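Here is a friendly walk through one protein model, written for a reader who likes to check things atom by atom. Have the viewer open as you go.

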Amino acid sequence: MPDPTPRIDTTPLRIALIANRRFPVREPFAGGLEAHTWQLATGLRRFGHHVTVFAGAGSDSRLDARRFGGGEPVLSAAARADVSAAPEEAMADHHAYLSTMLDLAADRGRTYDVVHNSSIHHLPLAMAPAVRAAQVTTLHTPPTPWMEMAVRTSPDPLPVRFCAVSRHTAEAWRPTLAADVVTNAVDLDRWPVGPGGEDAVWSGRIVPEKGLHVAIDACRAAGVHLRIAGPRHDPGYWDDEIAPRLGPGVEWVGHLAQRELAALVGRSGVAVVSPLWDEPFGLVALEALACGTPVAALGRGGLVEILDATCSRLADGVDDLADAVTAARRLDRAAARTRAERIGSVDRMVGEYVRTYRELLAAA
């Protein structure tokens, strides 16, 4: 009789992971996209898969990352004098993704079983029909004009399986494409439960859409000391909105490496998340929950899919965020950790992506 036990394919896969070129994939991470890419690459390797990460210069040497193809573009003096030329950084992005995709197309599936695009550039989509390997693209943002055009203008459906980081993000893309939902995750061992404390913490990229100035005002109104950790990506925003608000009760502690950031979050009484746009996911909230730190947040986008009443308080607008800060500090830290364990395990995320890879390869 045939064996009724289903056989699980455990063959190691050869995966090319295309990262965002703008920032290196290394600590301290420039943002959630870089943290996610590092976590996915290391998680896949831990499960025995062979991963090549195409990433920006200076990425973590433990990833054995490859530079994007083509090197830096070399322009003549006449070309640089063209007043209609795009900014050099945009041209460098275009050159890097174009060269890499041409290399993957020429490889014809000999080196990689799967190409997983985790960038937010349009060329990995526009050139997908030229690549023979199975292809997955993770949608980390709402639709952007160039990415949407790459999908809509293709004469045939792109040979790409799309995954979105939240139901909200999948719904935003629905007029253009259908996407599975594979939510982001954190390594729960690297974000251990901390003792808590009286103070609030805010972490992330310091840019206008993250709304740090709102978090500062809310914590001041609530009478709660706030510590800020993150890179100052927008000098104008920092000078106009953040620097004048620093002082008694509000301090910026710098751009911290993961271990230092986890310690800071773990000894805080509440994490404040204050997006002024619809967050595609909201990784900082999941990191806080893993540390046992409840969250007070503006409920925007995919962020609300991470949080529930056991571990957070949501504010409908900036006026009641101070009340949410006060209320969230009283929530049970064990419940916050439990929520992270239930929804945010990196093993769960890696397993879902590997299942997607194998489904594509089986269909091919």
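Let us begin with a charged pair: glutamate 148 and arginine 152 form a salt bridge, and their closest N and O atoms are 3.4 Å apart. Please keep in mind throughout that this is a predicted model. Both residues belong to helix 5 (residues 145-152), where they sit four residues apart, about one turn of the helix.

Arginine 152 has a relative accessible area of 48% and is partly exposed. The cut-off for exposed is over 50%.

## Salt bridges across the chain

Another salt bridge is formed by glutamate 359 and arginine 161, with the closest N and O atoms 2.8 Å apart. Glutamate 359 is part of helix 14 (residues 346-363) and arginine 161 is part of strand 6 (residues 161-164), so their pairing ties together parts that are 198 residues apart in sequence. Glutamate 359 is partly exposed, at 38% relative accessible area, and arginine 161 counts as partly exposed at 24%. Elsewhere, salt bridges that share partners bring Arg21, Arg22, Glu89 and Asp93 into one network.

Next comes an open sheet of six strands, paired in parallel and ordered 10-9-8-11-12-13. Its edge strands, each pairing on one side only, are strand 10 (250-254) and strand 13 (312-315). From one strand to the next, the twist averages 25°.

Within this sheet, strand 8 runs parallel to strand 9 (residues 226-229), and four bridges join the two. Tryptophan 202 stands opposite isoleucine 228 in strand 9. Serine 203 lies in strand 8 (residues 200-203). Is serine 203 buried or exposed? Its relative accessibility is 11%, so serine 203 counts as buried. Apart from its neighbours within four places in sequence, serine 203 is in contact with Ala229, Leu261 and Val284.

Why can helix 10 be called largely enclosed by the rest of the structure? Seven of its eight residues are buried. Those buried residues are Leu283, Ala285, Leu286, Glu287, Ala288, Leu289 and Ala290. Their cover includes helix 1, helix 9 (258-266), strand 11 (270-273), strand 12 (295-298), helix 11 (303-306) and helix 13. Just after helix 10, glycine 292 adopts a positive phi of about 80°.

Leucine 289 is worth a click in helix 10, as its relative accessible area is 0% and it is buried. Leaving aside neighbours within four places in sequence, the contacts of leucine 289 are Val295, Ile306, Leu307, Cys311, Ala336, Arg337, Arg339 and Ala340. The C-alpha atoms of leucine 289 and glycine 344 are separated by 9.3 Å, although these residues are 55 residues apart along the chain.

## How helix 10 meets helix 13

Helix 10 (residues 283-290) packs against helix 13 (residues 333-343) at an angle of about 120°, and their axes are 7 Å apart. The two helices are therefore oblique to each other, since the range for roughly perpendicular is 65 to 115 degrees and roughly antiparallel needs over 145.

Which residues make this contact? From helix 10 come Leu286, Leu289 and Ala290, and they meet Ala336, Arg337, Arg339, Ala340 and Ile343 in helix 13. Sorted by class, the contact has six nonpolar, no polar and two charged residues.

Note on methods: Residues are numbered from 1 along each chain as its sequence is written. This is a predicted model: local features need pLDDT of at least 70, side-chain atom pairs count only at pLDDT 80 or more; totals for chains, interfaces and linings use all residues. Side-chain values use heavy atoms; hydrogens and water are left out. A salt bridge is a side-chain nitrogen of Lys or Arg within 4 Å of a carboxyl oxygen of Asp or Glu. Buried means under 20% relative accessible area, exposed over 50%, partly exposed in between (1.4 Å probe, protein chains only). Axes are lines fitted to C-alpha atoms, for helices over the stretch in contact, and angles run from 0 to 180 degrees between N-to-C directions. Angles under 35 degrees count as roughly parallel, over 145 as roughly antiparallel, 65 to 115 as roughly perpendicular and the rest as oblique. Contact means heavy atoms within 4.5 Å. Ala, Val, Leu, Ile, Met, Phe, Trp, Tyr, Cys and Pro count as nonpolar, Asp, Glu, Lys and Arg as charged, and the others, Gly among them, as polar. Two strands pair if DSSP finds at least two bridges between them.
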